[in-house]
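Here is a note for a colleague who is coming to this structure for the first time. The points below are meant to be read with the sequence and the model side by side.

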Amino acid sequence: MSLSASGLRWENLRYSIPLPKKAAAEARARAAVDPTDSTLEKSETGNVQTSDSGIDAGMRHILRGISGEVRRGEMVAILGASGAGKTTALNALSTRIGKTGELGGTITFDGKPRNPASWKRTVGYVEQDDQLFGLLSVRETIEYAASLRLPAKLFSEADKQARVDTTIKSLRLEKAQHTRIGTPGARGVSGGERKRTSIAVELVSDVSLLMLDEPTSGLDAFAAANAIELLKNISRERQIAVLMTIHQPSFAVLSLFDKISLLARGAVYYNGPPHIAEAWFESLGYGTPKGVSPPDHYITMAEAFEKTPEAEARVLGLLSAWAERGEAFVASYEKDYPASSSIDGHSPSNTIDAKRDVEQHAGAERDQASWPTPWHKELAILTHRVWLQLIRDKSVLFAGIGQTVALCIFIGFAYFRLGNSQSDVLARVGALFIVPVNAAFAVTFATYAPFPLERSIIIRERSGGQYRTTSAYLAKMLVTLPSTVVSTIVYYIVIYWMIGFRAGAGPFFIWIGITQLQVLSAIGQGFAIGCAVPSITLAGVLAPLVNVVAMLFGSSLLPLSSIPPWFIWLHWISPLSYSFAALAQNEFGGDRTFECSAGAAQCYRTGADVLAQYDLQRFGIGACAGFLVLLSSAYFILGYIGLRFGGHPRFRYA
Ligand SMILES: Nc1ncnc2c1ncn2[C@@H]1O[C@H](COP(=O)(O)OP(=O)(O)OP(=O)(O)O)[C@@H](O)[C@H]1O
């Protein structure tokens with residue numbers, strides 16, 4: 001194969017994963033019965049062909065020595081049946097491959113090994129699922145990407161806007177640019193527009209290589225052809241190398257690629273221009289029958305769907321024929337029939353100011369190891385984006401108002417205007433506990449709910465080296481903290497007067513202060529759970545568990561003296577222990593007295609009696625507030641660690 005130094009090139013790429021013990025033992029047993037079952041035969045070119053499902057010596061071989069290249073200005077597709085290894089190949093090339101498997105072979109970009117310092121800003125990766133914020137418009141989505149990805153040193157605000165306009169135009173998103181992406185509850189742009197927005201988010205920056213995992217999946221034939229045609233134009237105009245996996249393209253779409261790489265069982269059985277594929281397969285006696293779509297034929301004939309010895313022989317024949325003489329065939333065909341639409345000599349169009357672009361690109365190469373935007377600017381951009389989504393999410397606003405009204409009605413009227421009788425003393429203790437418990441539940445749940453989606457978007461964006469975790473995390477905190485305080489404070493003010501807690505400005509402000517610290521710890525819990533747990537289902541299991549345990553060990557339900565010694569630490573790490581104690585001291589402190597009817601067996605005559613009975617004076621109100629701040633900080637730190645390491649994009653270069 002004649003390989004140029006420009007663009008991405010891979011040689012003898014291999015990837016194997018260890019099998020679970022049981023599967024490995026079964027494979028060994030099968031191999032003992034039929035030695036051909038797991039024999040790997042290496043061809044002269046290093047490509048590996050196999051007669052089995054790819055199991056050998058406790059390893060499953062998913063990629064077996066594949067080679068290929070995509071040059072700048074070219075568009076190449078990796079094709080194959082389901083399970084052929086397309087996604088694994090793309091993942092290995094883009095560094096998104098798992099750490100558990102063994103990776104071998106050589107991968108270079110522009111003739112050099114991929115440089116970890118600059119790679120993530122060299123390559124744009126479009127995932128199969130479009131992870132975008134549904135409440136932002138197409139244009140806003142691309143603008144945020146431009147603001148975060150284009151180096152501030154090289155692009156003024158006007159330059160960035162110009163780049164956004166160009167990108168919108170080149171992806172034909174003009175009409176949809178002001179439409180929101182859409183959420184499950186509110187329809188937005190079409191599937192094709194959504195996909196083109198995902199592509200635009202990558203292309204708005206100076207990437208030299210664009211990788212796409214099945215960009216046409218879920219699109220109709222017209223939208224699919226449209227997207228691929230646009231990508232082809234962009235690869236030409238901007239001299240970007242475009243590599244994608246694609247599932248069952250139409251013949252028209254197939255013809256748009258400069259090269260296709262056909263995979264079966266993790267090995268290549270054709271790699272070259274699409275128009276030569278037919279000649280190659282014809283030379284093997286497998287030309288496309290009349291009335292059958294060539295891409296469908298190329299893919300299905302390399303799968304032994306029929307499960308017959310003939311089908312198996314056909315697949316193996318295709319694999320070994322390519323390994324033996326495929327590249328020579330393509331080279332001689334290209335020599336005899338040079339393609340009319342060769343990309344050689346193609347120069348970038350004026351769509352983007354080419355000269356300035358080249359200069360900027362050179363600057364960007366030098367600067368790629370550093371972050372594109374200063375930290376404070378990153379923080380401002382990300383905070384603005386979180387804020388915009390918050391104010392647009394009317395469901396959160398209405399749910400918050402509805403919740404406040406409902407809680408005021410139920411809790412407020414259940415404990416309405418408590419007096420000084422003995423039963424009212426007990427009711428006051430109950431109210432002092434239930435109000436912070438309610439904050440813990442309602443706030444924690446509302447806080448962690450959006451995290452799983454945001455986390456996957458943050459991973460995608462951080463994979464492109466767009467910003468630091470600290471700025472993303474702090475931006476979320478800067479919006480969540482004040483908005484939650486504002487939305488909960490009304491409830492605490494109203495409920496205080498409805499229940500009839502101790503009158504006076506001092507007790508009132510202490511009440512507000514402590515309940516807000518309880519809210520702070522609940523937000524912290526929401527951050528910790530949302531950032532550390534990747535799925536909403538898991539978070540939904542964990543959050544109630546954490547809250548119920550905190551409630552059990554941090555309340556009067558289980559007096560301190562009754563808690564088993566090995567669980568006592570749960571009392572000290574429960575925020576409710578401190579908020580309940582502080583609120584009780586606020587309510588029952590001073591010289592408060594209660595009615596006690598003559599002849600009553602037991603009475604709380606003073607507030608001090610209540611505090612002594614429930615053992616609520618170990619720490620003063622100030623110390624309790626301090627512990628609440630400490631616990632909240634610990635939760636926020638846990639959340640940061642969860643996002644920093646759990647939500648960290650993983651790159652594997654070797
Ligand atoms: N980490 C892994 N552990 C176990 N098996 C794996 C792993 N990664 C890939 N495989 C297996 O390797 C084979 C190739 O997977 P891959 O996802 O690359 O296929 P594909 O060609 O992209 O298929 P599809 O079109 O269905 O997405 C599949 O059989 C898959 O089950």
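Predicted model: local features only at pLDDT ≥ 70, side-chain atom pairs only at ≥ 80, totals over all residues.

1. As for the protein as a whole, 42% of its 654 residues are buried. When contacts between residues at least 6 apart in sequence are considered, 79% of them join residues that are at least 24 apart.

2. The shell consists of Ile 17, Ile 62, Gly 80, Ser 82, Gly 83, Ala 84, Gly 85, Lys 86, Thr 87, Thr 88, Gly 98 and His 247. By class, these residues divide into three nonpolar, eight polar and one charged. Helix α2, which covers residues 86-94, gives the most to this shell, with three residues.

3. Thr 95 has 21 C-beta neighbours inside 10 Å and so counts as buried, the cut-off being 20 or more.

4. Gln 239 has a positive phi as well, of about 50 degrees, although it is not a glycine. This residue is found in the loop between α7 (221-238) and β11 (241-245). Gln 239 counts as buried because it has 22 C-beta neighbours inside 10 Å.

5. Which residues touch the most other members of the largest nonpolar core? Among its 152 residues, they are Met 211 and Tyr 269. Leaving aside neighbours within four places in sequence, Met 211 is in contact with Leu 90, Leu 93, Ser 94, Val 123, Tyr 125, Leu 243 and Met 244. As general background, nonpolar side chains in soluble globular proteins tend to be buried together.

6. Helix α4 (residues 138-149) has 12 residues, which at 1.5 Å a residue should span 16 Å, and its end C-alpha atoms are 16 Å apart, so the two values agree. The helix is mostly covered, with 10 of its 12 residues buried; among them are Val 138, Thr 141, Glu 143, Tyr 144 and Arg 149. The buried residues of α4 pack against α5 (157-170), α6 (191-203) and α13 (375-392).

7. From its first C-alpha to its last, α6 reaches 18 Å over 13 residues, close to the 18 Å expected at 1.5 Å a residue. Of those 13 residues, 12 are buried, including Glu 193, Arg 194, Lys 195, Arg 196 and Glu 202.

8. Two individual positions are also worth checking. Arg 9 lies in strand β1 (residues 8-18), and with 22 C-beta neighbours inside 10 Å it counts as buried. The C-alpha atoms of Arg 9 and Ser 67 are separated by 7.7 Å, although these residues are 58 residues apart along the chain. Ala 304, by contrast, is placed in the loop between α10 (294-300) and α11 (309-336), and it counts as partly exposed because it has 17 C-beta neighbours inside 10 Å. Not counting residues up to four places away in sequence, Ala 304 touches Ala 311, Glu 312 and Val 315. Between Ala 304 and Ala 654 there are 33 Å in space, C-alpha to C-alpha, and the two are 350 residues apart in sequence.

9. Finally, an unreviewed UniProt entry lists residues 395-418, 430-451, 472-499, 505-524, 536-558 and 619-643 under "transmembrane region". What does the model show over the spans 395-418 and 430-451? Residues 395-418 are 83% helix and 0% strand, with end C-alpha atoms 34 Å apart. Residues 430-451 are 91% helix and 0% strand, and there the end C-alpha atoms lie 33 Å apart.

Technical notes: Residues numbered from 1 in each chain as written. Near = placed C-beta within 6 Å. Helix = DSSP H or I, 4+ residues; strand = E, 2+ residues; numbered from the N terminus. Nonpolar A, V, L, I, M, F, W, Y, C, P; charged D, E, K, R; others polar. UniProt positions renumbered as here; feature names shortened; annotations may be inferred. Expected span 1.5 Å × (residues − 1). Contact = placed C-beta atoms within 7 Å. Core = buried A, V, L, I, M, F, W, Y, C linked by C-beta atoms within 7 Å.
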